[in-house]
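I opened my notebook to look up a few spots in this structure. Have a look along with me.

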Amino acid sequence: MLAAGCRSDDDTAPAEPWEAWDAELEWPTLECDALSPEFCAFPFPSNVFTQADPSSPTGRRLALTEQTTLRSDAGVVTDPEPWNVADGFSTGIAAMVALPGARATGLPTIAAPEASLEPDCPTVLLDAETGRRIAHFVEIDATHGRNDRRAFMIRAAERMEDGRRYIVAIRRVEGSNGEALAPSPAFAALRDGTPSDDASVEARRGLYRDIFTRLREAEVEIADLQVAWDFTTASLEHNTGALVSMRDEALSSASGSQLAYEIVRVTENPNPGIAYRLELEIEVPLYLSSPDPGARLLRGSDGRPRSDSTMRVPVLVLIPESAAASPGALLQYGHGLLGSRNEIDSAHVRSFADEYGYVVFGVDWIGMSGDDVATILSALTSGAFHEFAATPDRLHQAMLNAMFAMRTMSTAFADDPEYGRYIDPSRRHFLGISQGAILGGAYMTITPDIVRGGLCVGGQPFGMLLARSDGFAPFLAAARSTWSDPYAPMHMVSLIQMLFERASSNGYTHHLQRDPLPGTPEHHVLVRLAVGDHAVTPWGGHVMARAIGAVHLDTGVRDIWGLETADAVSDASAVVEYDFGLPDAPLENRPMTACANPHGVLRELDSAREQLDQFFRTGEIRNVCFENICSFPELSGCD
């Protein structure tokens with residue numbers, strides 16, 4: 001469809017091709033975009049990969065095709081259906097384009113995103129509604145060795161708004177010879193108002209008058225542009241509506257006698273400090289086509305998830321010896337990458353439970369548990385990447401299972417004639433570790449039964465964390481064996497982020513503390529980060545903290561851009577960094593690998609454990625490190 005008021009064949013190019021455009025904007029719907037001819041789906045995300053939909057909150061609907069998803073080397077195509085239900089793109093997605101030979105000279109880095117707000121920054125991420133520049137950083141893909149096909153990625157350092165139009169602009173980026181890279185012929189024709197035989201260029205003349213007008217108002221010189229485009233983010237309803245609907249429907253009658261549990265096995269004194277290890281099963285409404293890996297959400301005629309049956313959910317419970325003297329608070333545990341509820345058997349969990357008085361329990365994060373590895377690998381190796389849609393769908397059920405577990409433990413099981421006396425059901429908390437923190441930000445935003453939670457070595461958005469994680473390496477290798485084009489794996493990460501927005505922190509945490517979702521209390525979290533982490537970059541924790549509106553608790557380590565710093569925090573959220581004496585992490589999108597990985601060390605520090613317990617008990621977050629400096633260089637493992 002041509003944009004309203006587009007030039008006809010008889011029109012001549014205006015003297016200023018970027019003059020203001022007052023007509024209602026429209027976008028052509030394309031399969032490939034000539035603005036970046038090196039890779040069909042670039043630039044991405046882009047409104048030219050959507051179509052008008054007046055029924056959606058944003059007025060748009062994704063219209064990806066088999067050309068704009070992925071096609072494997074064996075010719076297997078990714079069905080765009082799981083993505084095309086969205087009314088916009090993820091707020092955590094990287095704005096990605098091909099700029100062959102681009103150098104990082106003068107570009108804002110992940111360590112200093114504030115540089116992106118300078119007037120002369122080569123990259124601009126602009127809120128089209130307010131005209132505000134969004135802080136960001138640039139990554140030139142460092143995950144492979146092909147200098148001629150490295151994706152040029154702009155990632156927001158602060159969470160963008162839901163249901164909002166954004167404009168991306170790139171200018172004066174240098175190539176290997178030190179000179180500015182030339183724009184594609186299609187973009188040059190749009191920028192300069194010159195004729196083009198490309199129908200998509202002619203269809204966007206009006207659109208680009210609007211884009212160029214807004215960029216000029218932001219003091220961006222149009223003649224310097226190498227490429228610019230716009231995209232719209234998905235609505236809050238799209239991101240959170242399904243999970244909130246499931247929660248409200250399923251929990252409406254889930255209390256007291258309506259909650260059944262069965263004690264499957266009891267082990268007395270299984271480990272030092274633990275009096276009882278109990279294996280329970282609870283019954284939860286099932287919103288999936290089956291309880292097995294690979295299942296998708298069932299939806300009714302209104303598009304909402306529906307439940308036709310129930311599933312039996314295993315719950316593992318540890319009652320510490322200390323609970324015999326004083327009933328323990330309930331502590332729900334969120335496990336790490338592709339793990340299981342059995343992680344609560346770890347020594348650090350058991351000792352924390354006994355020393356500080358917590359009855360710990362956990363369920364599997366189905367979708368991202370050990371049982372789901374085969375499904376994820378199949379999506380990567382078969383080329384049918386649409387199979388990955390089962391992962392966020394099953395995570396919806398995982399969140400519901402976790403809420404039912406807490407509701408059951410704090411009501412029905414707290415009245416158990418044998419074991420209920422060990423529980424204080426009035427104190428309910430959550431601790432998510434690594435993946436459990438990445439998903440736990442979403443869980444802490446929607447849970448009705450927990451107010452305070454700990455998110456340890458997590459972050460957001462998921463897509464930003466992947467290439468910087470040493471745990472992603474085998475999955476990236478599998479992707480490269482399926483899609484050999486160097487641009488494809490980073491595009492795959494974009495597709496992952498678009499689905500993950502509905503089931504992980506980036507889609508939710510901006511409502512965790514501020515403006516809670518309907519029917520949801522205000523929550524507070526303690527976000528703990530390990531500088532030099534090999535598995536989850538702490539810069540992702542910074543993005544999470546900014547989204548939450550957390551305060552930066554001063555630990556003598558470093559400043560965090562965009563956050564207020566304080567010496568103590570009460571009844572609010574805070575982010576705390578611990579340093580382990582490692583060298584600086586890479587600025588590129590690759591994992592930190594130097595010295596020993598502090599990812600699992602933080603949770604075992606006495607100061608961190610004391611701080612967490614104090615927060616759970618009182619709502620206060622204080623620095624309890626020696627001389628208020630949370631630095632442990634003796635644990636670096638460096639030579």
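How many of the eight residues of helix H2 (residues 185-192) are buried? I found six, so H2 is largely enclosed by the rest of the structure. Buried means under 20% relative accessible area, exposed over 50%, and partly exposed in between (1.4 Å probe, protein chains only). Helices (H or I, at least four residues) and strands (E, at least two) are DSSP runs, numbered from the N terminus.

A note on the source: this is a predicted model, where local features need pLDDT of at least 70, side-chain atom pairs count only at pLDDT 80 or more, and totals for chains, interfaces and linings use all residues. Residues are numbered from 1 along each chain as its sequence is written, and side-chain values use heavy atoms, leaving out hydrogens and water.

Back to H2: I listed Ala-186, Phe-187, Ala-188, Ala-189, Leu-190 and Arg-191 as its buried residues. They pack against helix H3 (199-202), helix H4 (205-217) and strand E8 (225-232), with contact meaning heavy atoms within 4.5 Å. Just after H2, I noted that Gly-193 has a positive phi of about 70 degrees.

Next I looked up Ser-573, which lies in the loop between strand E19 (568-570) and strand E20 (574-578). Ser-573 is buried, its relative accessible area being 1%. Leaving aside residues up to four places away in sequence, Ser-573 touches several residues, including His-523, His-524 and Ile-548. Its side chain also makes a polar contact of 2.7 Å with the side chain of Gln-513. A polar contact is a pair of N or O atoms within 3.5 Å; within protein, one must be able to donate a hydrogen and the other to accept it, and residues adjacent in sequence count only if both atoms are side-chain atoms.
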